[in-house]
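Subject: A structure to look at, with notes

Dear colleague,

Please find below the structure that I promised to hand over, followed by my notes on what was found in it.

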Amino acid sequence: RERLIRVARDLTRTSKDVISACQRLPTRKPLESGVCRRVLSSLETMYGIATSVAEGLQGDNYWKHSGSFSMGVQEYVEARSFFHWITTGRLITKAECQESFAIVINDTDYLLGLGDLSGEVMRFITTNANADREFAFQGLDFLRGLCSCYMRIRLQHRDFGKKVELVQSCLEKIEKVCYMLRVRAGERIDLDMMDADESGGGGGGEGGGGN
């Protein structure tokens, strides 16, 4: 049991490294960034950590000890899904998560991990919204889809209600960010039109005076 708890802590610590690095990825061509190598290296480390105990988590042993390592699995799902979203724009499936992770990912850990994903998506969009307006609106659509899926799920777990509230809160914050982007874009358009009108009006006045 103590070994599994250490594994969960190692997974959690490494997932934080993945997330921290992902937050520094560019919105355009992230796979070409030098930071991407660090992310991939940390994900490989997580695979190795999981592999070290996976053999002993077969059959009944998995559910008997799941409470000891469940949090680490959720942290992995959060980190892996965050990287997947940045690089593909899509929500990762449970099967895709499982491809690069030796410990079985059950439905509950997958869903709880995705709940935490919403917070990282929110921070990433907020950081990059001014520099990449289009990406911000794409992120808004992603969070709306995630929230819609979450609202239809009925999961009997003590933490699921909190995850639903988190997803809703993150969506609301990004809706406000995108609203402000629209307002600022509208203000710039109005100013451009005013400048064009004044420039055209001034030219016509001078021409009339010449006649």
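Predicted model: local features only at pLDDT ≥ 70, side-chain atom pairs only at ≥ 80, totals over all residues.

Residues are numbered from 1 along each chain as its sequence is written, and side-chain values use heavy atoms, with hydrogens and water left out.

How many disulfides does the structure hold? The structure holds 0 disulfides, where a disulfide is taken to be a pair of cysteine sulfur atoms within 2.5 Å. For C22, the nearest cysteine sulfur is that of C36, and it is 8.1 Å away.

Overall layout

The protein has 7 helices and 0 strands, so called when they form DSSP runs (H or I, at least four residues, for helices; E, at least two, for strands), numbered from the N terminus. Buried residues make up 42% of the 211 residues in the protein. If we take the contacts between residues at least 6 apart in sequence, 77% of them join residues at least 24 apart, a contact being heavy atoms within 4.5 Å.

The core and the helices around it

The largest nonpolar core has 59 residues, and those with the most contacts inside it are F82, W85 and I103; such a core is a set of buried Ala, Val, Leu, Ile, Met, Phe, Trp, Tyr and Cys residues joined through side-chain atoms within 4.5 Å. Two or more residues are given to this core by each of helix 1 (2–22), helix 2, helix 3, helix 5, helix 6 (133–152) and helix 7 (160–210), and helix 3 gives the most, with 10 residues. In soluble globular proteins, nonpolar side chains tend to be buried together. Leaving aside its neighbours within four places in sequence, F82 is in contact with I19, C22, Q23, L117, E120, V121 and F124.

At what angle do helix 3 and helix 5 pack? Helix 3 (residues 60–88) and helix 5 (residues 107–128) pack at an angle of about 35°, with their axes 7 Å apart; axes here are lines fitted to C-alpha atoms, for helices over the stretch in contact, and angles run from 0 to 180 degrees between N-to-C directions. The residues that make this contact include F82 and W85 of helix 3, and L117, V121 and F124 of helix 5.

Some single residues

F135 lies in helix 6 and is buried, with a relative accessible area of 8%. With neighbours within four places in sequence left aside, F135 is in contact with T27, R28, W85 and F124.

S42 lies in helix 2 and is buried, with a relative accessible area of 10%; apart from its neighbours within four places in sequence, S42 is in contact with T14, D17 and V18. Y47, which is found in helix 2 (residues 35–54), counts as partly exposed because its relative accessibility is 40%. Beyond its neighbours within four places in sequence, Y47 is in contact with S100, F101 and A102, and although Y47 and A102 are 55 residues apart in sequence, they are 6.5 Å apart in space, C-alpha to C-alpha.

Finally, K29 lies in the loop between helix 1 and helix 2 and is exposed, with a relative accessible area of 60%. K29 has a positive phi of about 50° although it is not a glycine. Most residues other than glycine have a negative phi.

With best wishes

Conventions:
Buried < 20%, exposed > 50% of the residue type's maximum accessible area, 1.4 Å probe, protein only.
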